[in-house]
Amino acid sequence: MSVEVESRMTQEAAPRVSGRDFLGAGETRRFLRSQAVLGGLTAVALIVALYMVFLYAPPEREMGEIQRLFYFHVASGWLAMVAFLVVFAGSLMFLWRGRLKYDRWAEASAGIGVLFTTIVLVTGPLWARPIWNTWWTWEPRLTSSLVLWIMYAAYLLLRGNFPESRKKYQICSVYAIIAFLDVPLVFFSVRRMRDAEVYRGLHPVVISANKIDLEPEMILTLIVSCLAFTLLYALLWRFRLRVGMVRDEIWRIRRVLMERE
Amino acid sequence: MMTRILELAFRLAWKDLRMEFRSRQNFLTVLFFAFIVIVIFNFAFEPGSPAIRESAPAILWVAFLFAGILNLSSAFIVEKEEGCLLGLLLAPMERGVIFIGKFLSNMMFQLLMELLIFPVFLVFFNIELRGGWLWFLLVVILVNTGFVAVGTLFSAMTIGLKTREVLLPILLFPVIVPVIIAGVRATGLVFQGSPGSDLGSWLKLLGGFDLVFVVVSAAVFRFVVEEAS
């Protein structure tokens with residue numbers, strides 16, 4: 001947060017998140033304790049997931065060891081989906097109810113979603129290079145993920161470019177809602193492209209409506225990975241929410257001090 | 001009710017058109033920019049090569065949409081600078097009406113620009129419209145509706161930002177990816193003269209996009225322009 005933004009903030013109406021006047025020491029201690037418990041659980045889950053990915057799950061018959069990327073690739077995609085769903089829900093609730101905390105939900109979630117979409121976009125090519133013999137194709141799933149990444153990165157840029165005000169939060173909510181509604185349209189249009197016809201079916205569809213095309217050990221490994229990443233999301237999201245709350249509190253205090261002078 | 005909304009919206013659009021007609025400055029700049037893009041692409045490729053003819057629909061839409069962005073980014077400048085936006089907000093009407101009015105005037109600027117640029121494009125690229133004018137007109141109107149609807153909303157979002165002119169394309173282009181894809185493919189089919197079921201499915205996709213985003217944009221417009229309480 002640059003000094004410029006903060007000083008602008010003090011001039012505009014500084015938002016206040018809740019009725020709480022002060023994020024007291026007891027409150028902070030309770031938050032840290034619950035985060036420690038959650039963090040411990042996440043760490044255990046991630047270690048178990050790592051063990052299962054590398055030692056428990058059998059190697060894939062044709063692809064070999066590189067296929068083990070799959071578990072974290074899918075889990076990252078899952079986490080990103082959860083994150084963007086929270087951005088959408090938070091934005092919708094903010095416009096509907098007008099309570100600032102819903103905007104903070106979206107704010108805290110968007111960055112996590114972009115980060116894990118990045119991980120999806122990096123692990124994908126790493127796997128594709130030996131298997132498809134190319135880093136990237138304009139296959140529907142790849143293209144849609146890329147557009148998704150661009151839209152939410154644009155959302156973060158939009159947030160960064162605005163001076164703080166309630167109007168900013170309304171405008172960002174509107175953009176988040178439009179972006180979310182756009183995702184299925186992007187997918188349909190990309191799937192219909194002529195070039196996409198060539199690549200159709202290239203991306204493995206492991207889980208479809210009627211069957212899961214995996215060994216039981218692999219399914220279990222995938223489920224544990226997704227669970228571990230869900231815990232990781234909860235952990236990160238709560239930290240980011242907290243950072244937002246502390247920042248809002250600092251802005252509020254600063255404004256009060258300015259008014260007193 | 002519906003006629004009242006449309007009457008108000010047309011009056012707002014008429015105000016924009018009259019103002020633009022008196023100065024013409026903005027429109028001419030946008031028009032010239034589209035012209036330059038068309039010319040520059042001819043140098044970027046080997047002039048007259050088969051590659052450029054194959055890319056013609058893409059080049060056409062890049063020119064139209066880039067020029068359209070310039071048009072959109074100045075859509076609310078007068079309102080902002082002269083404090084006219086506050087006046088509009090005080091007027092006893094739904095916020096959605098302001099959106100529809102702006103949408104109509106932007107749409108007219110966009111269509112007029114395209115109407116003037118398109119003959120130049122046909123001449124420079126040696127294109128024949130084998131698929132018929134009516135199909136092409138339909139594609140153009142459907143693409144512009146989606147582009148201008150979302151663009152007008154985003155233009156209102158970025159009023160008064162220092163980085164407005166960079167931010168608008170950054171926000172707008174990813175969202176209109178479906179429109180770009182469908183528009184370019186449909187235009188290609190019309191140029192080749194094969195408006196079959198393939199064209200129909202692209203038109204359906206464009207129509208769906210337009211329907212969703214015109215309604216959503218009009219509905220959420222008030223959150224974008226209202227001073228928050």
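A: Let's start with a term: a polar contact is a pair of N or O atoms within 3.5 Å; within protein, one atom has to be able to donate a hydrogen and the other to accept it, and residues adjacent in sequence count only if both atoms are side-chain atoms. Between chain A and chain B there are 4 residue pairs in polar contact, with both residues at pLDDT 80 or more.

Some ground rules before we go on. This is a predicted model, where local features need pLDDT of at least 70 and side-chain atom pairs count only at pLDDT 80 or more, while totals for chains, interfaces and linings use all residues. Residues are numbered from 1 along each chain as its sequence is written, chains are lettered from A and ligands numbered from 1 in the order in which they are written, and side-chain values use heavy atoms, with hydrogens and water left out.

Now, who takes part? With contact meaning heavy atoms within 4.5 Å, chain A brings 29 residues and chain B brings 32 residues. On chain A's side, A:Lys167, A:Ile178 and A:Arg192 supply 21% of the area it buries against chain B, more than any other three residues.

One of that trio also has a charged partner. A salt bridge is a side-chain nitrogen of Lys or Arg within 4 Å of a carboxyl oxygen of Asp or Glu. The interface has 1 salt bridge by this rule, and A:Arg192 forms a salt bridge with B:Asp198, at 3.5 Å from N to O. As for chain A's helices, α5 (140–161), α6 (166–192) and α7 (194–199) each supply at least two residues of the side that touches chain B. In that touching side, α6(A) gives the most, with 15 residues. The side of chain A that touches chain B splits into 19 nonpolar, 3 polar and 7 charged residues. (Helices are DSSP runs of H or I of at least four residues, numbered from the N terminus. Ala, Val, Leu, Ile, Met, Phe, Trp, Tyr, Cys and Pro count as nonpolar, Asp, Glu, Lys and Arg as charged, and the others, Gly among them, as polar.)

Next, the greasy bits. "Buried" means under 20% relative accessible area, "exposed" over 50%, and "partly exposed" in between, using a 1.4 Å probe and protein chains only. A nonpolar core is a set of buried Ala, Val, Leu, Ile, Met, Phe, Trp, Tyr and Cys residues joined through side-chain atoms within 4.5 Å. The largest one has 142 residues, and A:Tyr175, B:Phe121 and B:Phe154 have the most contacts inside it. If we skip residues up to four places away in sequence, A:Tyr175 touches residues of its own chain, including A:Met151 and A:Tyr155, and residues of chain B, among them B:Phe154, B:Ile170 and B:Pro174. There's also a second, separate core of 5 residues that includes A:Ala45, A:Ala49, A:Met52 and A:Val224.

B:Ser217 is buried, because its relative accessible area is 0%. Leaving out residues up to four places away in sequence, B:Ser217 touches A:Ile178 from the other chain, plus B:Phe99, B:Ala149, B:Val150 and B:Leu153. The side chain of B:Ser217 also reaches the backbone oxygen of B:Phe213 at 2.5 Å.

Finally, step back from the interface for some comparison cases. Over all chains, the structure holds 17 salt bridges. One of them joins the side chains of A:Asp103 and A:Arg104 at 2.8 Å, N to O, and both of these residues are buried. A:Asp103 and A:Arg104 belong to a salt-bridge network along with A:Glu107, A:Arg159, A:Arg247 and A:Asp248. On chain B, B:Arg4 and B:Glu7 form a salt bridge at 3.8 Å, N to O. They are 3 residues apart in helix α1 (residues 2–23), so about one helical turn separates them. B:Arg4 is partly exposed at 45% relative accessibility, and B:Glu7 is partly exposed at 37%.

Notes
Buried area is the accessible area (1.4 Å probe) that two parts lose on being put together, summed over both.
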